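Open the model in your viewer and keep the selection panel at hand. Each stop below says what to pick next and what to look for there.

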Amino acid sequence: MDLPFLGKWRKKHGPAFGVAVFSEGDDDTSGVTELLSECELLRSHAGRAGVELDDSAASLEALDQLLPRWRDDEEILPWLGNDAGLYLGTVIVRTVPGAAWEIWPSGHPVVRLPSGREIDVVVDGHTWAATGAPELSQVYAEVAEN
């Protein structure tokens, strides 16, 4: 659907991005982890490029090597950035002992490390999708060594 005013708004304000998770107050951490790990668009792009996303640090390195054909598509870029951030968070939560998803009152997901430090992986994913830096594997390496 072509909405002329939307194109003008995006040029003025930039693309909208972000993820929000709201629950009824239950602490279903496994459900949240599964929901945030879906990353369908990223998994689809990676699969077409022959990269298997198996929730490992090696898969982050493989993502960093993909040709960023999505950067020319204003529609896909913000969604792919969300997925990249959520996938980064998924790898951290599943491989770094004590790391867990934390949902802020606004619904914004971050990864909380055992030290209490919170990593805004969605912002990292958007930056990676738009510019390629920092590399997802680099963010993971920094987090994993702390």
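**Before you start**

This is a predicted model, in which local features need pLDDT of at least 70 and side-chain atom pairs count only at pLDDT 80 or more, while totals for chains, interfaces and linings use all residues. Residues are numbered from 1 along each chain as its sequence is written, and side-chain values use heavy atoms, with hydrogens and water left out.

Helices (H or I, at least four residues) and strands (E, at least two) are DSSP runs, numbered from the N terminus. Two strands pair if DSSP finds at least two bridges between them.

**Stop 1**

Now take strand 1 (residues 100–103) with strand 2 (residues 109–112). They are antiparallel, over 4 bridges. Find Trp-101: its bridge partner in strand 2 is Val-111. Glu-102 stands opposite Val-110 in strand 2.

Move on to strand 3 (118–119). Strand 2 and strand 3 run antiparallel, joined by 2 bridges. Val-111 has Ile-119 as its bridge partner in strand 3. Arg-112 stands opposite Glu-118 in strand 3. Strand 2 and strand 3 also form a hairpin with 5 residues between them; here the turn holds Gly-116, with a positive phi of about 100°.

**Stop 2**

Select helix 6 (121–131). Which of its residues are buried? They are Val-121, Val-122, Asp-124, Gly-125, His-126, Trp-128 and Ala-129. Buried means under 20% relative accessible area, exposed over 50%, and partly exposed in between (1.4 Å probe, protein chains only). The cover over these residues includes helix 4, helix 5, strand 1, strand 2, strand 3 and helix 7. After helix 6 comes Gly-132, with a positive phi near 90°.

Stay on the tryptophans. The structure holds 1 aromatic pair. Trp-70 and Trp-128 form it: tilted, 5.3 Å centre to centre, with 35° between the planes. (Rings of Phe, Tyr and Trp, the last by its six-membered ring, pair if their centres lie within 6.5 Å; planes under 30 degrees apart count as stacked, over 60 as edge-to-face and the rest as tilted.) The pair links distant parts of the chain: Trp-70 sits in the loop between helix 4 and helix 5, Trp-128 in helix 6, 58 residues apart. Both Trp-70 and Trp-128 are buried.

**Stop 1: helix 7**

Select residues 136–145, which are helix 7. Its buried residues are Leu-136, Ser-137, Val-139, Tyr-140 and Val-143. Look down the axis of helix 7: these buried residues fall within an arc of 155°, so they line one face of the helix. The arc is that of the directions from the helix axis to the C-beta atoms. Among what covers them are helix 4 (57–64), helix 5 (76–95), strand 3 and helix 6.

**Stop 2: the core**

Select Leu-42, Leu-60, Leu-63, Tyr-87, Leu-88, Ile-92 and Val-111. Of the 32 residues in the largest nonpolar core, these touch the most other members. Helix 3 (40–48), helix 4, helix 5, helix 6 and helix 7 each supply at least two residues of this core. Helix 5 gives the largest share, 8 residues. (A nonpolar core is a set of buried Ala, Val, Leu, Ile, Met, Phe, Trp, Tyr and Cys residues joined through side-chain atoms within 4.5 Å.)

Centre on Leu-42. Beyond its neighbours within four places in sequence, Leu-42 is in contact (heavy atoms within 4.5 Å) with Leu-53, Leu-63, Leu-80, Asp-83, Ala-84 and Tyr-87.

**Stop 3: two single residues**

Pick Ser-59 in helix 4. Ser-59 is buried, at 2% relative accessible area. Its side chain reaches the backbone oxygen of Ser-56 at 2.6 Å. Not counting residues up to four places away in sequence, Ser-59 touches Glu-52, Leu-53, Asp-54 and Tyr-87.

Finish at Ile-76, in helix 5. Is Ile-76 buried or partly exposed? At 24% relative accessibility, Ile-76 counts as partly exposed. Leaving aside neighbours within four places in sequence, Ile-76 is in contact with Leu-41, His-45 and Trp-70. Ile-76 and Leu-41 are 35 residues apart in sequence and 8.7 Å apart in space, C-alpha to C-alpha.

Methods
A polar contact is a pair of N or O atoms within 3.5 Å; within protein, one must be able to donate a hydrogen and the other to accept it, and residues adjacent in sequence count only if both atoms are side-chain atoms.
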